[in-house]
Amino acid sequence: MKFAVSALLAAAAVTLAGPASAQFAKPETAIKYRQSVMFVMAQHFGRIGAMANGKVPYDAKAAIANAELVATMAKLPWPAFATDTEKHSHEVKPALWKEPAKFKEHADKLEETSGKLLAAAKTEKLEDLKAAFGETARSCKSCHDAYRKD
Ligand code: ASC
């Protein structure tokens, strides 16, 4: 299992450095894919945030269902930041392609924190959910601050 996970991570790292054609029909498809993933992830993350911030009543089952989706979506965007999407990307700072190791640290951090978010949701304790939501939100923000133009 450990081997399978590291093999997958190694494959992801290689894909990130390569062209979109490794997985997508064309660079524009990769961009649409990663934006769609981020959009869906934000919807489900936002539903957890609404509970964490007391805007909607805490519902442990809904929190778990949304956290499962966030944790799954968090694994998906990275190969879609393929090198040949750079010249089509108007929303990304060029630093992303100049420092792939740093970008991968951010990606790994989101996968880690969203995994913790799911574990926290499963404790069915609102306090755990709040803390893990905050930690995950900080990992979203630090990557956006580093690489997203706005
Ligand atoms: C969201 C969303 C983001 C992050 C970020 C966290 O729900 O759309 O980009 O959380 O705001 O700081």
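1. A residue is called buried under 20% relative accessible area, exposed over 50%, and partly exposed in between (1.4 Å probe, protein chains only). Ser89 is buried, with a relative accessible area of 7%. Arg34, at 1% relative accessibility, is buried as well.

2. The model is predicted: local features need pLDDT of at least 70, side-chain atom pairs count only at pLDDT 80 or more, and totals for chains, interfaces and linings use all residues. Residues are numbered from 1 along each chain as its sequence is written, and side-chain values use heavy atoms, without hydrogens and water.

3. Ser89 belongs to the loop between helix H3 (60-73) and helix H4 (95-98), helices being DSSP runs (H or I, at least four residues) numbered from the N terminus. Not counting residues up to four places away in sequence, Ser89 touches Ile31, Arg34 and Trp97, where contact means heavy atoms within 4.5 Å. The side chain of Ser89 also reaches the backbone oxygen of Thr85 at 2.7 Å.

4. Arg34 lies in helix H2 (residues 27-52). Beyond its neighbours within four places in sequence, Arg34 is in contact with residues including Pro77, Phe81, Thr85, Ser89 and Trp97. A polar atom of the Arg34 side chain lies 3.1 Å from the backbone oxygen of Ala80.

5. Which residues surround the ligand? They are Ala42, Phe45, Ala137, Cys140, Lys141 and His144, near meaning that a heavy atom of the residue lies within 4 Å. H6 gives the most to this shell, with 4 residues. A polar side-chain atom of His144 lies 3.5 Å from an oxygen atom of the ligand.

Methods:
Helices (H or I, at least four residues) and strands (E, at least two) are DSSP runs, numbered from the N terminus. A polar contact is a pair of N or O atoms within 3.5 Å; within protein, one must be able to donate a hydrogen and the other to accept it, and residues adjacent in sequence count only if both atoms are side-chain atoms.
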